[in-house]
Amino acid sequence: MNVKSIYQEVILDHNRKPRNYGSLSGPTHHATGHNPLCGDRIDLDVNILDGRIEEIAFRGESCAICKASSSMMTNAVKGKSREEAETLIQEFREMLMSREDKDLDHLGRLKVLAGIRDLPTRVKCAILPWHTLHAAMNSTGDATTEADDHSNKLVANNH
Amino acid sequence: MKIADALISPSAQQTVTSGIERFRADFPILNIKVDDKPLVYLDNAASSQMPQAVIDCLVRYQKTQHANIHRAVHYLSNLATQEYESARCKLQNFIGAREAREVIFTSGTTDSINLVMHGYGRKFIRNGDEIILSELEHHSNIVPWQMLAEEKGARIRVIPINDAGEILVEEYEKLFNSKTRFVGLTHVSNALGSISPIKHMIAIAHQHGVPVLIDGAQAAPHLKVNVQDLDCDFYTFSAHKMCGPTGVGILYGKADLLESMQPFKGGGDMISSVSFEKTTYNEIPYKFEAGTPPIAAAIGFGAAIDYLEQIGLGAIASYEHELLLYASEQIRIIPGVKIIGDCPHKVAVISFVIDGIHPHDVGTLLNQEGIAVRTGHHCAQPIMQRFNVAATSRASFSFYNTKKEIDALVAGIRSVQKVFA
């Protein structure tokens, strides 16, 4: 799928109508993700009950790729256990970082974002919400995607 | 300097305008295709492209002239030294410096500013002193001074700008007091393109006995600069933004100031004698050129200066101004698009935002059309904060760009809007 069609068919839908957009009152977990490269900044609220993500909401200012990825992520992890969510974070990262064509069916709808790996400077935008979720679940409060990438400058934890 | 000052005779302007394809042909890279679309390179403020004459010079140097300079008595070392020093003289003439020793080769503008911070700032700026910078500065003319301020307990004062992206000179005057020790100003804003009235501002600083450093990285490629006429104390720019190679730039400094400064880097070539008891530093400019410099790049910089002077900076300024007017008119009328910093005295840079579309998405989609623009905060976050935007898209033009390419940009912007419609 070329870049223009990724925009037209997937990203714009979630950009216009982001799912789970907003905030939770008194979330059990929260983190902020920041990507100064494009000015993306998202806040993620999560309610974890008995080790399971009961509720999740995000908000912030970001590019369309980051917003779509956030929106799709919240749909994908809602109802999942922490362990399942961590596995999905890992798999999503691998999908965007690896150059190999692996079977992506287990990622469900998320696999439409795989084409973003052809836009190296935008991979960060797609991964930011996932790092933010990892940070929230581990209660570090900040998300950094710095360790992922050696070609792009990115600091995702200064606020 | 106003664009109008740089205007040349209509006949010379005609030559440039009608002969633009001739200059384009000097740049091999402009023929490449991006996904089968012709490259439209509008990221010249980040780095310009290199003409064949400079590429040839680098190859010739590397094939027939290379050795280390200022060291050996052999043929190649003499030749390389001559070429390197001849490049320094070209730069001296290019900016109208009084003496060649006032031109120091550095690795670029950032390096030059750091040199002044360490060589001048750390020696002369003390606790409680004040440094004036403008809101238009690139991070490279902010961060070194913040580091110094933190180390010395000095204070940074900031000159505000107006909504058009112009420096407020009357506010600048108010910032001076008995503690003011240094002024750092950009000649042209990299993010917006606005040209500051630096000659007047330098005169104001001098009335208070304060030296001024001018960051000319975005001015030297586009405007005729004369450091004696400006009376600036330091002026700096980089080769790679003006048809030269990366890794080299110059710092101009008035000889007496450079002599009063401490060295920035220690090493070979910057000394006249070394013993473990005492080292005597070399004279300027060598005092500030420790180690083996980027010899090939400096010589290539000289070739780039030859190339630009052959076209003429006046002719370049005039043609680029025409491109700026053409592009501004077209972009201004697109509904939902806003130019940030839309003021009359600008080089050919257009920073813009599109309603509801993040600049990074704009850049990605324009790239699909072969159009290269810069998106982001342009290493000038204070300007972004001033205009309350996280980022902008920036199209920056050179004399090898054409109106046809501007038409492609305008069509590209409209097509991005269609994708998001």
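Over the ring of which residue does the charged end of Lys224(B) sit? The charged end of Lys224(B) lies over the ring of Phe94(B), 5.2 Å from its centre, where sitting over a ring requires NZ of Lys or CZ of Arg within 6 Å of the ring centre and within 35 degrees of the ring normal. In chain B, the charged end of Arg386(B) likewise sits over the ring of Phe387(B), at 5.3 Å from its centre.

This is a predicted model, in which local features need pLDDT of at least 70 and side-chain atom pairs count only at pLDDT 80 or more, while totals for chains, interfaces and linings use all residues. Residues are numbered from 1 along each chain as its sequence is written, chains are lettered from A and ligands numbered from 1 in the order in which they are written, and side-chain values use heavy atoms, with hydrogens and water left out.

Over all chains, a search of the whole structure finds 19 aromatic pairs, a pair being rings of Phe, Tyr and Trp (its six-membered ring) with centres within 6.5 Å, called stacked if the planes are under 30 degrees apart, edge-to-face if over 60 and tilted for the rest. The rings of Tyr21(A) and Phe58(A) are edge-to-face, because their centres are 5.1 Å apart and their planes stand at 85°. Phe58(A) is buried at 1% relative accessibility, whereas Tyr21(A), at 41%, is partly exposed (buried means under 20% relative accessible area, exposed over 50%, partly exposed in between, with a 1.4 Å probe and protein chains only).

Phe92(A) and Trp130(A) form a stacked pair, with 4.2 Å from centre to centre and 15° between the planes. Phe92(A) is buried at 0% relative accessible area, and Trp130(A) is also buried, at 0% relative accessibility.
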